[in-house]
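Please look through the structure below, with its sequence alongside. The paragraphs after it take up a few of its features in turn.

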Amino acid sequence: MIDVRVTILGTGAALATGDRVQTGLLVDVSGSTLLVDCGSGVLHRLAGVGRDPTEIDAVLLSHTHLDHVSDLPGLVKARWMIDQSPTQIIGPPGTPDDVGPLFEIDGQSDRVEVSSFETGAKPGDRIEIDVPGTTCESVSATPTVHSRQGVGYRFGTRFGFAGDTEASATLLAFFDGVDVLVHDCAFPSGGEPDNHPTPEALAEALESADPDIDRLYLTHLYPDAACRADEAREIVAEATDAAVHVADDTDDVVE
C-alpha cells in the first residue's frame, strides 16, 4: 500500500461563500508533495496549514476552469521568489494552451513547465500518470463529464478525487476500493444536474455502482448548496454504506 496523506485546502466553487476558498488539495504521496488544483485562496490555506510553496513537486489539474487555476500565478511567483524553483503543472489535454496566458501578466512564462496528457479514453477508463521528477507511484486518472475537458485522479487504494463532474456509476466504478473519495456535490437538493451533481444525482449513481468506499466527502459547494449541506449529506448517506461527510477547508481526510 502506498503512503498517502491528504489535506483539503479549498472546498468552495466559483461563487464565494465567505468561509470556503476555491478548490485545492494537498496530497503527500510516496515521498512527493502534489497540489491538486489551485483555485483562489488556496495559497493562503497552504500557509495556514504550515506548508511552503517550495514543497510542491508538481501541480495536477482536474481541469482548467478559473476557480481551479486562479492561484497558479501566485504559486509560481512565490516559488521563484523563494528559491527560483520552476513549477511543473500537469493536466488534461489542452492544459498548456489554457494556463499559459496566466503567466504572461507578470512575465513568468519562463519560470513554469507545463505539460498535459492526452487521455484518448472513455469515462471509467484508467490512465496511469507519470509525474516526472517525483517518486509518485500508482497515480491514475479517468475522464470526467463536465463543460470542460477534465479528469478525476486516483492514488492507489487510499484516495480518489473526482474533480468537477456529473455523477455517474461509470465514474464511481473507477474509484471502487479506495478508502476515501472526495466528490463534487455543487448543487442543492431539488436542483437540476448540469455539469455538477445534486445530492439526488450522486445518490442515484452510488446506488447503481455500489462502490466499496470507506469515507465519502462532499465538496465544491456553491453558496446555496453550502447552506443546505447537512441535507445533502443525509440524502447521499442513504444511498451508500460509506461514511458521508461534508468537506471543510483544511480537513485532513487521509492521515
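**A walk through the predicted model**

In this predicted model, helix α6, made of residues 199-209, packs against helix α8, made of residues 229-237, at an angle of about 20° and with the axes 8 Å apart. Two packed helices are described by the angle between their axes and the distance between the axes. Angles under 35 degrees count as roughly parallel, and α6 and α8 are therefore roughly parallel to each other. The crossing in which α6 passes α8 is right-handed. On the α6 side, the contact is made by P199, E200, L202, A203 and L206, and on the α8 side by A232, I235 and V236. Sorted by type, the residues of this contact of α6 with α8 comprise 7 nonpolar, no polar and 1 charged.

The phi of N195 is near 70°, a positive value in a residue other than glycine. Q84 also has a positive phi, near 60°, and is likewise a residue other than glycine. This residue, Q84, lies in the loop that runs between α3 (72-83) and β5 (87-91). As background, most residues other than glycine have a negative phi.

Strand β3, residues 32-36, holds L34. Is L34 buried or exposed? L34 has a relative accessible area of 0%, so it is buried. Leaving aside neighbours within four places in sequence, L34 is in contact with L25, L26, V27 and V29, and also with A58, L60, V131, C136 and F155. V59 is 25 residues away from L34 in sequence, yet the two are 5.7 Å apart in space, C-alpha to C-alpha.

How many disulfides does the structure hold? The number is 0. A disulfide needs a pair of cysteine sulfur atoms within 2.5 Å. For C38, the closest cysteine sulfur is that of C136, 17 Å away, which is too far for a bond. C136 is also one of the residues in contact with L34. For C185, the closest cysteine sulfur belongs to C227, at 14 Å, and this too is too far for a bond. Buried means under 20% relative accessible area. C38 counts as buried because its relative accessibility is 0%, and C185 counts as buried because its relative accessibility is 1%.

How values were computed
Residues are numbered from 1 along each chain as its sequence is written. This is a predicted model: local features need pLDDT of at least 70, side-chain atom pairs count only at pLDDT 80 or more; totals for chains, interfaces and linings use all residues. Side-chain values use heavy atoms; hydrogens and water are left out. Axes are lines fitted to C-alpha atoms, for helices over the stretch in contact, and angles run from 0 to 180 degrees between N-to-C directions. Helices (H or I, at least four residues) and strands (E, at least two) are DSSP runs, numbered from the N terminus. Angles under 35 degrees count as roughly parallel, over 145 as roughly antiparallel, 65 to 115 as roughly perpendicular and the rest as oblique. A crossing is left-handed if the near helix is turned anticlockwise from the far one by less than a right angle, and right-handed if clockwise. Contact means heavy atoms within 4.5 Å. Ala, Val, Leu, Ile, Met, Phe, Trp, Tyr, Cys and Pro count as nonpolar, Asp, Glu, Lys and Arg as charged, and the others, Gly among them, as polar. Buried means under 20% relative accessible area, exposed over 50%, partly exposed in between (1.4 Å probe, protein chains only).
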